[in-house]
Amino acid sequence: MEKALFEINPRLDRPALARRFAERTRVQIRDVLTPETAREIRSILQATRWSLAMRGDDSADTPPQSIANAELATPAGVEKANRLARQAHEATARGDYGFRYAHYPIIEALNQRWDPGGPYELLLEYLNAPDFLDLAREVTGIPELVRADGQATLYTAQHYLGRHIDSHVAEGWRVAYVLNLAREDWHPDWGGYLAFLDEEGDIIEGFRPRFNALNLFAVPQSHAVTYVPPFAPVGRYAITGWLRDR
């Protein structure tokens, strides 16, 4: 008998989750999947060959860049990664937008056939299946949501995502999602929080990395992923992306 890969927890209190989203435009749905399927997805992330995503400054002249896993095994790739990391840190030090984290770009991998028939293709199908999209529509109250994109992410030592708002409404972005698959005993001192900020930069709400928890929040709104310090013993696994109306 084949293992199930993605099953929504049938015991979710969807009306209560919808009320919270309506009040705050964001919600964390804990125990969103059955425990067995959540563990299966995390095992996929743990076996992933990660690339690095980095950016310094939010302008057309400094687009985000990805360094593939194979390139990171070369001296030139290491040099490139160090240079981009410096640029990201310098931009963030100036107060500009920067980020640095490991990722597996699911859409790109699918289009370029990195792993035909692999588990990420199936995961993307589940993210676009009625069960998941209906849950998102019901909780957010946005019936126009029609598809999800996605990438797998890993935030480990010295990784972060600077403050930004996800303003790509013209591209159909309506709701951002983060399917958290962090270790069950994630400690607050290890960072990696999804933090929401007001106009003065104060944190008005933060979601701790958890195992089997789905964050949903309307975009645009100001948010960041807080810095993971060098002493954090493990990384923050997740699948992230946007739910779109086109």
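## Backbone features in loops

At 47% relative accessibility, D31 counts as partly exposed, because partly exposed residues fall between the limits of 20% for buried and 50% for exposed. In this predicted model, D31 sits in the loop that runs between strand 1 (26-30) and helix 2 (35-46). The backbone of D31 has a phi near 55°, a positive value in a residue other than glycine.

Q158 likewise has a positive phi, of about 75°, although Q158 is not a glycine. The loop that holds Q158 lies between strand 6 (151-155) and strand 7 (160-164). With a relative accessible area of 32%, Q158 is partly exposed.

A further backbone feature concerns a proline. V219 and P220 are joined by a cis peptide bond, with omega at about 5°. P220 belongs to the loop between strand 11 and strand 12 (223-225).

## Packing of helix 1 on helix 7

Helix 1 (residues 14-24) and helix 7 (residues 130-140) have axes that come within 7 Å and cross at roughly 55°. That angle makes helix 1 oblique to helix 7. On the side of helix 1, the residues in contact are R14, L17, A18 and F21; on the side of helix 7, they are D134, L135, E138, V139 and T140. By class, this contact has 5 nonpolar, 1 polar and 3 charged residues.

In soluble globular proteins, nonpolar side chains tend to be buried together. The largest nonpolar core in this model has 50 residues, and L216 and L243 touch the most other members. Helix 7 supplies the largest share of this core, 5 residues.

With neighbours within four places in sequence left aside, L216 is in contact with F21, T25, R26, V27, I29, A136, V139, T140, V175, A176, Y177 and L243. Among these partners, F21 is in helix 1 and V139 and T140 are in helix 7, where they also take part in the contact of the two helices. Another core, of 13 residues, lies apart from the largest one. The members of this other core include A53, Y101, V225 and V234.

## Aromatic pairs and a cluster

The structure holds 13 aromatic pairs. One of them joins Y97 and F99, whose ring centres are 5.7 Å apart and whose planes stand at 65°, so the pair is edge-to-face. Y97 is buried, with a relative accessible area of 14%, and F99 is buried as well, at 7%.

The rings of F196 and F217 also form an edge-to-face pair, because their planes stand at 80°, with the centres 5.1 Å apart. F196 lies in strand 9 (residues 194-197) and F217 in strand 11 (residues 211-218), so the pair ties together parts that are 21 residues apart in sequence. Both members are buried: F196 has a relative accessible area of 0%, and F217 has a relative accessibility of 2%. Elsewhere, F6, Y126, F132 and Y177 form one aromatic cluster. Of these four, Y177 is also a contact partner of L216.

Where does P64 lie? P64 is found in the loop between strand 2 (51-56) and strand 3 (65-67). At 47% relative accessibility, P64 counts as partly exposed.

The C-alpha atoms of P64 and A53 are 7.0 Å apart in space, while the two residues are 11 residues apart in sequence. A53 is one of the members of the core of 13 residues. Not counting residues up to four places away in sequence, P64 touches M54, R55 and F99. Among these partners, F99 belongs to the edge-to-face pair with Y97.

A224 is found in strand 12. Is A224 buried or exposed? At 11% relative accessibility, A224 counts as buried.

Between A224 and L194 the C-alpha to C-alpha distance is 5.9 Å, although these residues are 30 residues apart in sequence. Leaving out residues up to four places away in sequence, A224 touches L161, G162, R163, Y193, L194, A195 and L197.

Methods: Residues numbered from 1 in each chain as written. Predicted model: local features only at pLDDT ≥ 70, side-chain atom pairs only at ≥ 80, totals over all residues. Heavy atoms only, no water. Axes fitted to C-alpha atoms, helices over the stretch in contact; angles between N-to-C directions. Helix = DSSP H or I, 4+ residues; strand = E, 2+ residues; numbered from the N terminus. Parallel < 35°, antiparallel > 145°, perpendicular 65-115°, else oblique. Contact = heavy atoms within 4.5 Å. Nonpolar A, V, L, I, M, F, W, Y, C, P; charged D, E, K, R; others polar. Core = buried A, V, L, I, M, F, W, Y, C linked by side-chain atoms within 4.5 Å. Buried < 20%, exposed > 50% of the residue type's maximum accessible area, 1.4 Å probe, protein only. Phe/Tyr/Trp six-rings, centres within 6.5 Å; stacked < 30°, edge-to-face > 60°.
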